[in-house]
Amino acid sequence: MPPRLNLLLTPRVIAYRSKPAVGVWRAQHASKPQPTICAVRGFADKSTDLPVSEDDKGPNTDPGAPHVSEEAAAMAKVTGGSGPDLEQGTPVQEVVKDDKEAFDKLPQVMKDSIRAKTANPKPQTRPYSTSAIRRADLVSQEPAESYLQEGTEVSPPPGLRFELPDLPLPSTSNMEHRYDPVVAQVTNLLMRDGKLSVAQRNMALILQHLRTASPPQVSPTRPLLPGAPPPSHLPLNPVLYLTLAIDSVAPLLRIRSQRGAAGGGVALQIPVPLGLRQRRRQAMQWILDAASKKQSRGSGRGGFAQKVAEELVSVVEGRSGVWDRRGAVHKLGVSARANLNFGRKR
Amino acid sequence: MPPSTCLRCLPIRPAPSPRPVLLCHIALPPAQTAAFSTTTNLSAAVAKKRPNSHTGPPKRGVKALNIKKTQRIKSGRPPAPGERKALRKRIVLSNTNALEVQGMPDLSDKNITDASLVCRVVGIPGLVVDSLRAVEAFKPTQGWGLFRRPAALVRKETLQLGRYIQEVETAEGKKTIRRVVVGERGSGKSTLLLQAMTMAFVKGWVVVNIPDAKDLTIGHTEYGPLFNTNPTQYVQKTYTANLLSQISKANKAVLSKLQLSQQHDLPIPIQSNISLDRLADLGARDPDVAYPIFQALWAELTAPSTKGAVRPPILFTLDGINQIMRYSAYLSSDVKPIHAHDLALVRHFINALSGAQALPNGGIVLAATCESGKPPSPTLELAVAQSEARVAGAEEVPQPHPYKAMDQRVLDSMRDVEVLRLKGLDKDEARGIMEYYAASGMLRERVDEGLVAEKWTLAGGGVVGELERESVRMRI
């Protein structure tokens with residue numbers, strides 16, 4: 001039986017959501033009083049839920065110092081110059097134009113926008129950041145922890161023979177999904193003529209070969225998925241080995257040929273993104289194609305499994321021709337990216 | 001309207017005058033009459049019309065469809081004869097990726113009866129591994145290749161075997177223990193035989209093993225009648241030579257110290273004080289003299305011990321006893337099937353098992369059934385049931401079916417043989433072996449009570465082969 005915990009979470013495109021603390025029965029949640037002031041405000045919360053200041057004052061409501069423009073106008077009046085026009089308000093850019101110290105204290109976005117207007121932007125650089133910052137601080141576990149800290153014993157409801165399971169249930173607890181998803185999918189792809197048992201035996205032989213073969217020598221020219229464990233760790237976790245091999249050569253897209261769309265009887269190549277299972281399926285089909293063309297060395301019934309396992313090892317080592325097939329698809333996808341919007345309604 | 005001039009009145013072409021060609025022909029030699037022609041196109045072969053819709057169907061006998069057969073491109077060296085089978089039957093005893101299990105004890109002559117080792121996995125010492133490999137005690141289907149080094153679980157029956165060995169050694173009059181190991185498929189019968197051999201090797205016994213009785217009876221090795229025997233016995237000389245080489249290789253440490261002590265009538269001259277391992281080597285080298293030398297070797301091993309020449313006890317084992325409790329695939333000269341007990345080597349084992357031939361220096365005769373692809377042997381099943389009933393002291397011993405033919409020779413050979421039945425492991429033993437799996441890095445789960453119970457149940461009540469299959473081999 002494959003291990004339930006799949007350590008290779010990197011290829012999965014799953015939004016991170018922190019789970020509530022384990023061991024808390026949900027019905028108990030409902031009966032608990034909600035905290036009066038929510039420490040966390042989500043983006044979609046109503047404005048009526050906003051926290052209210054105790055003295056009805058905001059941070060800048062104190063009428064102590066005058067506004068910057070008013071101050072500048074007063075100063076100009078004293079010095080005899082012409083200050084800013086108080087009727088129109090002064091843009092911040094003008095305020096900080098001559099004030100180095102104030103410019104330094106501006107938010108980064110404004111600094112960047114001012115710089116972008118003044119200086120010529122460098123080629124190959126974007127004036128804005130493309131990396132998303134996960135606001136982990138927005139998701140707090142305080143409410144869940146506060147329940148646990150209250151010290152009330154979480155007693156299971158009466159009438160249960162066994163203790164309650166840990167919630168949420170693991171994804172493998174469903175009978176239909178009790179095996180590792182990659183192993184189950186690859187087993188089905190290995191199957192010929194509906195003989196699932198033979199496919200399962202071959203799958204076991206493949207994993208056994210991965211476990212007993214010497215650790216792979218990973219080639220730097222064919223990088224595996226980022227975050228992959230060192231190759232010496234792979235043989236002891238054959239399911240991870242298999243997953244890593246498949247996910248590393250899985251194509252991101254496929255090319256759909258739309259007949260007659262390009263005119264003159266030429267098919268229009270349209271790149272279509274693939275889902276996770278589709279990517280794995282395509283990669284495994286390529287691996288099986290390559291394996292079935294190999295010459296079998298032994299006799300008996302384990303020959304095909306041996307060939308598939310050797311192909312998987314060669315994928316991880318970067319020797320396999322499957323990498324070229326993926327490269328060709330990606331190259332075609334890049335050259336056909338102009339056709340992405342074909343047929344899409346505006 | 002008719003033409004104005006009469007057509008017949010029109011001048012016609014003048015008739016050709018008689019040419020002087022004949023004269024030329026006569027005058028010129030024929031070689032110079034080579035025709036010079038400008039009409040080369042006419043003499044050229046007519047270009048074939050390409051078939052189109054107007055040409056109609058192809059004529060009979062004309063090949064219309066031309067499909068080229070795809071040539072299979074053979075690359076590399078083809079496998080040598082026997083290489084593919086050798087790859088299939090290869091026995092791997094080590095996995096360098098597996099973790100070394102810390103604190104695993106080795107089996108030694110001191111601890112074979114140590115009850116504290118039950119439920120623990122015990123390593124097989126390196127020298128014994130070589131001997132076990134020589135007698136083909138390891139099977140290719142077993143999971144030795146998954147772990148760092150060969151090791152086996154000590155279960156209650158293993159401890160029982162250790163006690164048998166101690167019993168044989170300490171008995172007053174040299175004792176022989178005869179057992180048949182039965183149990184369902186994957187219950188550890190072959191491994192129990194291997195453990196018995198391991199203990200015998202560390203105790204300095206002589207081990208004779210027939211690794212698979214199927215090789216003797218399915219007709220894959222040559223056979224011939226033995227003279228002066230009634231009923232006729234048949235000798236498999238190539239198999240005997242191979243057996244002698246295995247005996248010599250595996251027991252070299254013991255046999256090299258023993259010397260010939262009796263006079264034997266052998267077809268080749270031998271030195272009078274030759275050591276027994278060299279005697280076995282002589283037989284292994286020449287299949288024609290293998291069987292007489294095997295008999296001489298056996299006579300030497302079973303010769304009574306004297307002060308000068310102490311003969312060690314013997315462990316005689318055979319795997320797949322249900323293959324020899326029936327008719328073999330060989331035919332006699334009058335085209336009747338030969339009973340397996342008429343094959344000389346099989347008869348030799350059966351005599352030892354039934355007690356017809358004693359082991360004067362003591363020893364153990366062990367046989368195990370083989371449940372995979374087993375041929376029907378209803379008499380053996382009856383004999384096993386009878387033996388179990390006898391030992392249990394049951395009132396009614398199972399009787400043969402009145403309307404079915406039973407094999408009397410099989411019943412006679414099993415008359416007073418006891419049965420050692422292997423059942424599933426209990427939970428503690430299952431936990432011991434699963435902790436070994438986890439310590440080797442082959443089982444990536446925490447071994448706790450829940451996991452052990454789950455695997456034990458899925459393994460049909462602790463059948464150890466199934467336990468390994470589901471927890472280590474990932475056979476779902």
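A: Happy to! Let's begin with a helix crossing in this predicted model: helix 4 of chain B and helix 6 of chain B cross in a right-handed way.

Q: Nice. What angle do helix 4 and helix 6 of chain B pack at?

A: The angle is about 125°, and their axes are 10 Å apart. Helix 4 of chain B and helix 6 of chain B are therefore oblique to each other.

Q: Which residues meet there?

A: From helix 4 of chain B, V128(B), S131(B) and L132(B). They meet L194(B), M197(B), T198(B), F201(B) and V202(B) of helix 6 of chain B. By class, that contact has six nonpolar residues, two polar ones and no charged ones.

Q: Switching topic: where does N251(B) lie?

A: N251(B) is in the loop between helix 8 (237–250) and helix 9 (252–255) of chain B.

Q: Buried or exposed?

A: N251(B) counts as buried, because its relative accessibility is 1%, and the cut-off for buried is under 20%.

Q: And what does N251(B) touch, leaving out residues up to four places away in sequence?

A: F201(B), W205(B), V206(B) and V207(B). W205(B) is 46 residues from N251(B) along the chain, with 8.3 Å between their C-alpha atoms.

Q: Last one, helix 11 of chain B. How many of its 12 residues are buried?

A: Nine of them, so helix 11 of chain B is largely enclosed by the rest of the structure. Among the buried ones are Y291(B), F294(B), W298(B) and E300(B).

Definitions and conventions: Residues are numbered from 1 along each chain as its sequence is written. Chains are lettered from A and ligands numbered from 1 in the order in which they are written. This is a predicted model: local features need pLDDT of at least 70, side-chain atom pairs count only at pLDDT 80 or more; totals for chains, interfaces and linings use all residues. Side-chain values use heavy atoms; hydrogens and water are left out. Buried means under 20% relative accessible area, exposed over 50%, partly exposed in between (1.4 Å probe, protein chains only). Helices (H or I, at least four residues) and strands (E, at least two) are DSSP runs, numbered from the N terminus. Axes are lines fitted to C-alpha atoms, for helices over the stretch in contact, and angles run from 0 to 180 degrees between N-to-C directions. Angles under 35 degrees count as roughly parallel, over 145 as roughly antiparallel, 65 to 115 as roughly perpendicular and the rest as oblique. A crossing is left-handed if the near helix is turned anticlockwise from the far one by less than a right angle, and right-handed if clockwise. Contact means heavy atoms within 4.5 Å. Ala, Val, Leu, Ile, Met, Phe, Trp, Tyr, Cys and Pro count as nonpolar, Asp, Glu, Lys and Arg as charged, and the others, Gly among them, as polar.
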